[in-house]
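Here is a quick tour for someone meeting this structure for the first time. Have a look at it, then read on.

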Amino acid sequence: MAFKSSALIRALSLVALLAIWQLLALLVESRALPPPLEVFEVLVAGVKDGEIPYHIGITLARVAASFVLAMAIGVAFGIAMGRSKGLDRFFDDWLILFLNIPALVTIILCYVWFGLIEAAAIAAVAINKIPNVVVTVREGARSLNPDYMELAQSFHIGGGKTLRHVILPQLFPFVVAAARSGLALIWKIVLVVELLGRSNGVGFQVYTFFQLFDVASIFAYTLAFVAVVQVIETAGLQPLEARVNRWRR
Amino acid sequence: MAPVTHLEIDIRQKSYPQVGRAPAHLALEGLKMTLQGSEFVCVLGPSGCGKTTLLNLIAGLDEAYEGRIALPLAPGGRRPVMGYVFQNPRLLPWRTVVENIELVLSPEQIRSGLVDELLAATGLEAFRHTYPERLSLGLERRVALVRAFAVQPDVLLMDEPFVSLDEPTAQRLRLLLLQIWKDRPTTVVFVTHNMREAIQLADRIVLLSPAPGRVLADIRVGIARGDRDDTADIEAFRDRLIRENPALYREL
């Protein structure tokens, strides 16, 4: 019953949003705000001729590459800084610096230094995300339960087993938090990277449509991409989290 | 060369440095004791006398002390294996009972069937795949006991493993411990502040002073193991202990 009514409320809210959009489009009657149906037609056409899947695929590949890179480096640094006071002191100011560099600056510098190449694009996105991952994971590494570390040490289970079965499970909630906010941040930055220096991907397309003043296509790409990201969140991250948290009461 | 089977402890001094406004603390000073192979020794002392500190030093968790601890040499000259039953069970909540036990075992030990044997002996078979948060404290303590025995320790350290259980449960676990230990003898250092528990379990009781802990008395429990089910014998021994060692009564 509770589920049914919450689904109903969600459906109603979606319909309301579409209605407002339609109403505004009728009122404004301009190319700047195409009505929902027109956007839907552009979307269907784009999916049919393969344009939208192609560019979303390219963008997703960049998101995936930068995401994996940022998570791997961020988690490693986060653990190291959370466990070692010396390393924490050494890298803390670097962290503050990188946290505060605007994404746009990193992107431009990467393109200037390494050229308009794929590696520069992915590195720029990863560099933007790494500091956030480090901060979140470091918090987790600082709060590791010393009882469990003593257990691992007194039974001599070894470094590899300790990392995999004692440390990482404790860090998991922090890694998931970093991954969630990471995905949201990364795909937005990837679009900027594509706009500034790539010749394909959703960001590039949006920029092209901006120059053509084709707002319907911009809407179509945005909606398609948001849908894909939502699917990744519900079909990928959420079940993974549920599986790893199954021991919780 | 015959393997060295005894555990020799000679701690000149163990202190904890000052932290913030908490002053430095001298935990142990001039503490000497020797345990023979497969001997069950209870270390009895008041709260805060450094009993847990002593176990952590033996376990190698803390190396910042003056003195020497010589562990028994295991057969074949390998490093002696330690089993540690902590005061709280310290089971990893994200691993089931059997996963918690297998975490500390080698692949050969996992294959050997010893875990099944121990789980059966402790009545834990039904909880094999249960997560610790669903177990009662008494059951968690059983798992911790099985985990420590499953490594086939040369030295078994136990830190008040039955504290904060109701007395019947604690008593069941003590008998279980004695049963497992009889089948798989090993040198045991069992820390407690419960005199009756010490008399029931130990070959020998080592009495520690308040901090800084040192040995006040070393008492052989002269009751045959078969007669210890009789509480009257234990009470009589306890009365005699208190009479002969007035310090005991003062401290506990």
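In chain A, the axes of helix H8 (residues 159-197) and helix H10 (residues 215-244) come within 12 Å and cross at roughly 175°. Those axes are lines fitted to C-alpha atoms, for helices over the stretch in contact, and the angles run from 0 to 180 degrees between N-to-C directions. H8(A) and H10(A) are therefore roughly antiparallel to each other (angles over 145 degrees count as roughly antiparallel, under 35 as roughly parallel, 65 to 115 as roughly perpendicular and the rest as oblique).

Who does the touching? On the H8(A) side the contact is made by A:Phe172, A:Val176, A:Arg180, A:Leu183 and A:Trp187, while the H10(A) residues include A:Phe225, A:Ile232 and A:Val244 (contact means heavy atoms within 4.5 Å). Sorted by class, this contact has 11 nonpolar residues, one polar and three charged. Here Ala, Val, Leu, Ile, Met, Phe, Trp, Tyr, Cys and Pro count as nonpolar, Asp, Glu, Lys and Arg as charged, and the others, Gly among them, as polar.

## Ground rules

This is a predicted model, in which local features need pLDDT of at least 70 and side-chain atom pairs count only at pLDDT 80 or more, while totals for chains, interfaces and linings use all residues. Residues are numbered from 1 along each chain as its sequence is written, chains are lettered from A and ligands numbered from 1 in the order in which they are written, and side-chain values use heavy atoms, with hydrogens and water left out.

## The rest of chain A

Chain A has 10 helices and zero strands (both are DSSP runs numbered from the N terminus: helices are H or I with at least four residues, strands E with at least two). Its C-alpha trace spans about 70 × 60 × 30 Å along the principal axes.

Now for another pair: helix H2 (residues 36-48) and helix H3 (residues 51-83) of chain A have axes that come within 4 Å and cross at roughly 75°. H2(A) and H3(A) are therefore roughly perpendicular to each other. A:Leu43, A:Gly46 and A:Val47 of H2(A) meet A:Glu51, A:Ile52 and A:Pro53 of H3(A). That makes four nonpolar residues, one polar and one charged.

Over all chains, the structure holds 24 salt bridges.

## Where A meets B

Chain A brings 18 residues to the contact and chain B brings 26. About 2200 Å² is buried between them, 60% of it from carbon and sulfur atoms (buried area is the accessible area, with a 1.4 Å probe, that two parts lose on being put together, summed over both).

Two salt bridges are found across this interface. A:Asp147 forms a salt bridge with B:Arg90, their closest N and O atoms being 3.4 Å apart. On the side of chain A that touches chain B, H7(A) gives the largest share, six residues. That side divides into seven nonpolar, five polar and six charged residues.

B:Ala211 and B:Pro212 are joined by a cis peptide bond, with omega about -5°. B:Pro212 sits in the loop between strand S8 (204-208) and strand S9 (215-220) of chain B.

Terms used:
A salt bridge is a side-chain nitrogen of Lys or Arg within 4 Å of a carboxyl oxygen of Asp or Glu.
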